[in-house]
Amino acid sequence: KSSFLILSTFILSWLFVLNQKLISFLDALGKTIVSELLMIFTRLFITLSILILFYFKMLDIINYVNIQNIYFIIVCIILIFFSLKYFRNGNNSKNLKEIYFEFKKYSSPLFLASSIGLICSLADRFLLQIYSGSVAQGYYSLSLNIGAICILVTASFTPLLTREYAIAYEDKNIEKIKSLFQKYTPLFFVFTSIISYFISIHSDL
């Protein structure tokens with residue numbers, strides 16, 4: 001049972017990564033609305049499935065993970081279907097070698113940045129475990145989740161904003177980039193600050 005749970009969790013982790021990459025690809029193609037609607041329905045169906053299992057007293061950790069695996073597999077298949085339309089329409093005329101070098105040039109800085117971020121995150125956890133123990137790990141994880149709640153609104157709008165940045169940069173429209181930054185960045189700070197203040201005021205600390 002433990003081995004099956006570990007395997008299911010491992011599959012879920014990679015499905016989540018694949019899902020995020022496909023969503024980013026569709027964002028680049030200007031299909032953000034399609035991907036966001038699909039994710040909204042996915043979260044809704046996952047929530048309903050969990051409530052149904054809870055009502056019939058069938059909810060446990062294995063069923064919880066497997067439900068997400070099933071829905072993420074379906075979502076990935078749908079996202080791949082929309083992504084393949086880009087290649088079927090002949091929009092990509094480059095050969096495999098050119099795509100490889102372009103991908104390498106584009107992803108090398110991202111790989112370096114992600115590697116450094118991963119090492120720093122693991123070092124934080126390692127040092128926290130050594131000097132403070134498992135209880136502190138729990139508080140740290142809780143604070144990270146609260147922080148994720150604070151940026152919930154801005155995280156949803158960020159892909160749309162970055163897509164507009166990319167389109168403006170491709171058109172060499174620097175003025176539009178400046179306008180988008182000056183218009184929306186302060187607004188994002190306001191949204192995040194309001195949620196953060198609300199949580200801090202109503203906390204027991």
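# A guided tour of the helices

Begin by selecting Ile-61, a residue of helix α3. Helices (H or I, at least four residues) and strands (E, at least two) are DSSP runs, numbered from the N terminus. Ile-61 has a relative accessible area of 47% and therefore counts as partly exposed. On this scale buried means under 20% relative accessible area, exposed over 50%, and partly exposed in between, with a 1.4 Å probe and protein chains only.

The structure is a predicted model, in which local features need pLDDT of at least 70 and side-chain atom pairs count only at pLDDT 80 or more, while totals for chains, interfaces and linings use all residues. Residues are numbered from 1 along each chain as its sequence is written, and side-chain values use heavy atoms, with hydrogens and water left out.

**The whole chain**

Zoom out to the protein chain, whose secondary structure comes to seven helices and zero strands. Along its principal axes the C-alpha trace spans about 50 × 40 × 35 Å. The chain has 205 residues, of which 19% count as buried. Where contacts (heavy atoms within 4.5 Å) join residues at least 6 apart in sequence, 64% of them link residues at least 24 apart.

**The nonpolar core**

Next select Leu-12, Leu-15, Leu-22, Ile-23, Leu-26, Leu-38, Met-39, Val-65, Phe-72, Val-75, Cys-76 and Leu-79, the 12 residues of the largest nonpolar core. Helices α1 (2-28), α2 (32-55) and α3 (61-88) each contribute at least two residues to this core. Such a core is a set of buried Ala, Val, Leu, Ile, Met, Phe, Trp, Tyr and Cys residues joined through side-chain atoms within 4.5 Å. In soluble globular proteins, nonpolar side chains tend to be buried together.

Centre the view on Leu-26. Which residues is Leu-26 in contact with, leaving aside its neighbours within four places in sequence? They are Lys-31, Thr-32, Ser-35, Leu-79, Phe-82 and Ser-83.

**The second largest pocket**

Turn now to the second largest pocket, which holds about 1,000 Å³ of space. To find it, select Gln-20, Ile-23, Glu-36, Ala-155 and Pro-159, the closest to its centre of the 27 residues that line it. Helices α1, α2, α3, α5 (134-150) and α6 each give two or more residues to this lining. The largest share, nine residues, comes from α6. By class, the lining of this pocket has 15 nonpolar, seven polar and five charged residues.

The terms are set as follows. On a 1 Å grid over the protein atoms alone, a pocket is an open set of points where a 1.4 Å probe fits, with protein on both sides within 12 Å along at least five of seven lines, and lining residues have an atom within 4 Å of a point. Grid points are joined across faces, edges and corners, and a volume is the space filled by probe spheres set on the points. Ala, Val, Leu, Ile, Met, Phe, Trp, Tyr, Cys and Pro count as nonpolar, Asp, Glu, Lys and Arg as charged, and the others, Gly among them, as polar.

**Two salt bridges**

The structure holds two salt bridges, the term for a side-chain nitrogen of Lys or Arg within 4 Å of a carboxyl oxygen of Asp or Glu. Select Lys-176 and Glu-164 for one of them, at 3.7 Å from N to O. Lys-176 belongs to helix α7 (residues 174-201) and Glu-164 to helix α6 (residues 152-170), so the pair ties together parts 12 residues apart in sequence. Lys-176 is partly exposed at 33% relative accessibility, and Glu-164 is partly exposed at 22%.

Then select Lys-178 and Glu-175, which form a salt bridge with their closest N and O atoms 4.0 Å apart. These two residues lie three apart in helix α7, so about one helical turn separates them. Lys-178 is partly exposed at 42%, whereas Glu-175 is exposed at 55%.

**Two loop lysines**

Finish with Lys-57, in the loop between α2 and α3, and Lys-172, in the loop between α6 and α7. Lys-57 has a positive phi of about 60 degrees although it is not a glycine, and Lys-172 likewise has a positive phi of about 60 degrees. Most residues other than glycine have a negative phi. Are these lysines buried or exposed? Lys-57 is exposed at 79% relative accessibility, and Lys-172 is exposed at 63%.
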